[in-house]
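Subject: Structure handover

Hello,

Here is the structure we spoke about, with the sequence alongside. Please open it first and keep it in view while you read the notes below.

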Amino acid sequence: MSKTVTPYNDTRGKKEQVEEMFDNIAHRYDFLNHLLTMGIDITWRKKAVKYIGRIQPKMILDVASGTGDFAFEALSLKPEKVIGFDLSEGMMKYGREKAIKLSVSNVVEFVKGDSEKMPFADNSFDAITVGFGVRNFENLEVGLKEMHRVIRTGGKVAILEASMPKNAINRALFSLYFGKIVPVVGKLFSKDARAYSYLPESVKVFPEGLEFVKILENIGFRKVDWQPLTFGACAFYTMEK
Ligand SMILES: C[S@@+](CC[C@H](N)C(=O)[O-])C[C@H]1O[C@@H](n2cnc3c(N)ncnc32)[C@H](O)[C@@H]1O
C-alpha cells in the first residue's frame, strides 16, 4: 500500500483537505491547467472522448469533473446527458457558469458528492470519464468500485492521470519542471501555498501503468489497457465493464 499524501498534511481526512484545496484554487484552475501543460491537456481529453465515443454513449458521467472540461469535451458525442460529479462546489461553480455561457445547461449538469458513494443507480451510465481525479481519492479502490457499479455492462471508462515519464532523460527534465517550476508558478497564481506542491507529491506515490491496470482488473473491469501520452507526463487508461 502506498503512502497517503494529503494537500495540507494535517489531521483531517484526505477528502476534506482535497475539497478545501480545490475550493481554494478553483478561480485559477483552468488558467493554470492550460498554462502548466501548455494546452496539451486539451488534446488528452479529446483522445479520451474519442475512445468512449466508439459506443456512442447517451448517458455520460464525468467523475471528479471539477470545472467540467472533460464534461464539455464529451458534448462532441451528442449525448443526452453528461453529469459532472465532484466534491468541490467551488470548482463546479465555474463549470455551471461555462454551461450557461455555452447554452448547454440542459445537457451538462453538475452534482456535488463523493465518488466513493455516488447517488446513482447501478448500471445507469454508458460511459465514464475521469480526468486527474483518481489520484485524489481518499480510498482509491472504493471509488473505482463505485464507478464499476454505476456503469452498464459493455460501457466504457476513460481515465487520465498525471504520471512520471519512464525514460531517464525525460524523467529528469520532467522532475525539474514538475517538482521545482510548477509549485512556484502554481503558488504565485493560485495563492494556495500547498496545492501545486501536493500535485507532484501525489503523482509520485500513485500506482501507475501496469500497477494501476492490475487494480482496475481486480475491481472487475475488462479489456483494461493503458498508454503513456506526451513522453509519459500523462497516463491514459481505457476499460470496459
Ligand atoms: C485535478 S481536478 C480535475 C478536474 C477535471 N476533471 C479536469 O480534467 O481538469 C480533480 C478534481 O477531483 C475532485 N475530487 C477529488 N476527490 C474526489 C472525490 N472523492 N469525489 C468527487 N470528486 C473528487 C476535486 O474536487 C477536483 O475538482
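I start at the ligand. Helices α1 (14-36) and α3 (69-73) each supply at least two residues of the shell around the ligand. The helix that gives the most is α1, with five residues. Please keep in mind that this is a predicted model.

The shell has 23 residues, and those that come nearest to the ligand are Ala64, Gly66, Ser88, Ser115 and Gly131. Sorted by class, the residues of the shell are eight nonpolar, nine polar and six charged.

Helix α1 also packs against another helix, α4. The angle between α1 and α4 is about 30°, and their axes are 7 Å apart. Angles under 35 degrees count as roughly parallel, so α1 is roughly parallel to α4. On the α1 side, the contact is made by Phe22, Asp23, Ala26, Tyr29 and Asp30. On the α4 side, the residues are Glu89, Gly90, Met91, Lys93 and Tyr94. Of the residues in this contact, five are nonpolar, one is polar and four are charged.

Next comes the sheet. As background, strands of a sheet pair through backbone hydrogen bonds, either parallel or antiparallel.

Which strands does β7 pair with, and how many bridges join them? Strand β5 (residues 151-162) runs antiparallel to β7 (residues 234-240), and seven bridges join the two. In β7, Met239 is the residue opposite Val157. Strand β6 also pairs with β7 in the antiparallel sense, over six bridges. Pro228 has Ala235 of β7 as its bridge partner, and Leu229 stands opposite Cys234 in β7.

The hairpin of β6 and β7 has four residues between the strands, and Thr230 takes a positive phi near 45° there.

Is β7 enclosed or open to the outside? Five of its seven residues are buried, so β7 is largely enclosed by the rest of the structure.

Regards

Methods: Residues are numbered from 1 along each chain as its sequence is written. This is a predicted model: local features need pLDDT of at least 70, side-chain atom pairs count only at pLDDT 80 or more; totals for chains, interfaces and linings use all residues. Two strands pair if DSSP finds at least two bridges between them. A residue is near a molecule or strand if its C-beta atom, placed from the backbone, lies within 6 Å of it. Ala, Val, Leu, Ile, Met, Phe, Trp, Tyr, Cys and Pro count as nonpolar, Asp, Glu, Lys and Arg as charged, and the others, Gly among them, as polar. Axes are lines fitted to C-alpha atoms, for helices over the stretch in contact, and angles run from 0 to 180 degrees between N-to-C directions. Angles under 35 degrees count as roughly parallel, over 145 as roughly antiparallel, 65 to 115 as roughly perpendicular and the rest as oblique. Two residues are in contact if their C-beta atoms, placed from the backbone, lie within 7 Å. A residue is buried if 20 or more other C-beta atoms lie within 10 Å of its own, exposed if 12 or fewer, and partly exposed in between; C-beta atoms are placed from the backbone.
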